[in-house]
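Subject: Structure handover

Hi,

Here is the structure you asked about. Please open it alongside this note; my findings follow below.

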Amino acid sequence: MVTWSAPGKVFLFGEHAVVYGKPAIAMAIKPRVFVTVRKSRAPHPAKSPYIDSCFDEMGVKGSVYINSQLPSSSGLGSSAAVTVATLAAINDEFGINNSREQIAEMAFNIEKKVQKGRASPTDTTVSTYGGLVFIIGASRRRLPPESFQMVVGNTMVSHSTSKMVEMVADLKKKNPEICDPVLDAIGGITMSAMHHLVDPVQLGRLMNMNHSLLEVLGVGHPALSRLVLSARTAGAYGAKITGAGGGGCMVALCPKHLKSRIASSIEACEARAFVTNIDTEGVRKEKDV
Ligand code: PMV
């Protein structure tokens, strides 16, 4: 029996646009998912298409126990973290010897299959390697870690990533004259952010712009708007949706001394908030039992 863990993530820039080959920047964050895998001749059914696919891909059978610090269906990449940690645990328990690269690739293929073909490798890359990651098309680059002070606000409104991705695909099909320039502009914001990674004031402004464009794409939600506005009013450099939107979480970039005030202002909107920072470690072994 082995236990592996993988971190969640926030999108600083570029969700949705990344599905269409535009650049994105995402960061692994502290809450993790812990997955224990045990060889078993009569495994219990996993009740998750992600976990079932992990065993199918690896061609073995076993039992799984999941202990998650990450809320699911909230834009923090919990399904990718579960998939990556499950693959790594199976790999270890059954002595399969796949590399990290192979695990990242398999996890991406599983996400893509469950998300009906439309997915970027962002979540699975960040969960596998940790840290700050720049993604464009099939290429992924780890950036030097930055100690961003972040507050994550969870609207507690659950969302479906595949539904939101499909909605944007619909808009793109029906109104390419509106949707395409918006996706390009999001890509432009991400590229500009690459030049300002050590300038939180400018990064915050760019996050605010990115948020507005996500609303144009139709992935906003009144609860998300409330949290974003309250974080900005409480002094955040910037705040935006993180992940697929339509509910789920927002993220605020904060001056260090205002983190608690910003978290309280989010909680005052009947939401949950937590302060977090970069997790530079990706998938890792926790203990051998
Ligand atoms: O909500 P999440 O954490 O699954 O993020 C989805 C991000 C999208 O760009 C909308 C989709 C993707 O696969 O990148």
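Start with Thr161. One of its polar side-chain atoms lies 2.9 Å from an oxygen atom of the ligand. Keep in mind that this is a predicted model.

A backbone N or O atom of His16 lies 2.9 Å from a ligand oxygen. At Ala244, a polar backbone atom is 2.9 Å from an oxygen atom of the ligand.

How much of the ligand does the protein bury? Taken alone, the ligand exposes 390 Å², and the protein buries 97% of that.

Now the site itself. The ligand takes up the space of the largest pocket. Two elements give two or more residues each to the shell around the ligand: strand 1 (2-13) and helix 5 (161-174).

Which residues are closest? The ligand is surrounded by 18 residues, and the closest are Lys9, His16, Ser120, Thr161 and Ala244. By type, the shell holds seven nonpolar, eight polar and three charged residues.

Last, where does the ligand sit relative to domain 1 and domain 2? Residues of the shell come from both domain 1 (2-145) and domain 2 (150-276), so the ligand lies between them.

When you look at the model, I would go through the contacts in this order: Thr161, His16, Ala244.

Best wishes

Methods
Residues numbered from 1 in each chain as written. Predicted model: local features only at pLDDT ≥ 70, side-chain atom pairs only at ≥ 80, totals over all residues. Heavy atoms only, no water. Near = heavy atom within 4 Å. Polar contact = N/O pair within 3.5 Å; in protein donor to acceptor, adjacent residues only side chain to side chain. Areas by Shrake-Rupley, 256 points an atom, 1.4 Å probe, with all protein chains shown as cover. 1 Å grid on protein atoms, 1.4 Å probe; cavity = no way out; pocket = protein on both sides within 12 Å on 5 of 7 lines; lining within 4 Å. Sits in = over half its atoms within 2 Å of the grid points. Helix = DSSP H or I, 4+ residues; strand = E, 2+ residues; numbered from the N terminus. Nonpolar A, V, L, I, M, F, W, Y, C, P; charged D, E, K, R; others polar. Domains from an automatic or database assignment.
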